[in-house]
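Please have the model open as you read.

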Amino acid sequence: MGGAVTDGPAAARSPLPSTTVDGHVHSTFSDDAVSTVHENLAAALTVGLTEVTFVDHVRSSTGWVPEMVAAVRALDVPDGLVVRCGVETKLLDVAGRLDLPTDAVVGRGALDVVLVGDHQFPGTDGPWSPTQTRERIADGLSPADAVSLLVEASIAAMTTQPGIQLAHWFSILPKVGLDESDLSDEHLRAWAAAARQTGSTIEVNEKWACPGPRSVRAALDAGARLVVATDSHDARDVGRYVRVPSILEAAVSGETLPAETWSAETLSAETLPAETLPAEPLPATEPSAVPSRQTPGTAGPRA
């Protein structure tokens, strides 16, 4: 992977995000998580976090957002820890549409943040599954055009919903047979500049080990806001970082690390265990087959 994408003045660069923060933690409001918000809070305190964001998967038909917000706001949080509340939805298409319920509103004592994940590939006619995307690439969609669609969709989402957090961004690429090296410097400059201009946050994700050092360097140089996150679905993983520090170090130094140093070798549709891949997209009105274990409702697609 290449070195620095830009070489702007150091004063313009973002500071490195603190690893005493976990910006993406799931609870049993998500159908694929095993820990309650109370268990996640206890874990955050055990590892000494200063800030944690509780987030659960939603789609447009999800009806339990008020209950989830109420459960998080009711937590007995001691001094020294900030608890934020958010939801995670998916990017639908190149126009930047989101699979978001109407009551998922930031501010006014409700949500603090909306996370957007690249759970499917944002196509011209809606979300494409990894299989559909690989078929389109096999049929002639070039890697350059494919990543251009993803960057265009990213910028559109940040523009129409300023202040979002891009969750595990570029995790979709290995699943469709591509990787971050297919992104040009121009792609990354435009993506990072849009994040800065819209007040959006780029998440450096432990679970999916992305974005990689080159993309993080672009975000730092653009002055975009970054946060680190485990994407925990189990309280035992809250606030525990292994790969994120290597990504941050390489982003700052400009060194080219072997991919296995900072990323999962198995981030591909061919080698990832099936249970870790996002579910195939369902119609927005179709409820999840797996109900939440904490409160009735429809969780969003797995990530």
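1. Asp 231 sits in the loop between β9 (225-229) and α8 (244-253); helices (H or I, at least four residues) and strands (E, at least two) are DSSP runs, numbered from the N terminus. Its phi is near 60°, a positive value in a residue other than glycine. With a relative accessible area of 2%, Asp 231 is buried (under 20% relative accessible area; exposed is over 50%, partly exposed in between; 1.4 Å probe, protein chains only).

2. A word on the basis: this is a predicted model, in which local features need pLDDT of at least 70 and side-chain atom pairs count only at pLDDT 80 or more, while totals for chains, interfaces and linings use all residues. Residues are numbered from 1 along each chain as its sequence is written, and side-chain values use heavy atoms, with hydrogens and water left out.

3. Phe 170 also deserves a glance: phi is about 75°, positive although Phe 170 is not a glycine. You will find Phe 170 in the loop between β7 (165-167) and α5 (172-175), and at 2% relative accessibility it counts as buried.

4. For the cis peptide bond, go to Cys 210 and Pro 211, where omega is about -5°. Pro 211 belongs to the loop between β8 (201-205) and α7 (213-222).

5. Ser 35 lies in the loop between β1 (21-25) and α1 (37-46) and is buried at 4% relative accessibility. A polar atom of the Ser 35 side chain is 2.7 Å from the backbone nitrogen of Ala 235. Not counting residues up to four places away in sequence, Ser 35 touches residues including His 26, Asn 40, His 233 and Asp 234 (contact means heavy atoms within 4.5 Å).

Technical notes:
A polar contact is a pair of N or O atoms within 3.5 Å; within protein, one must be able to donate a hydrogen and the other to accept it, and residues adjacent in sequence count only if both atoms are side-chain atoms.
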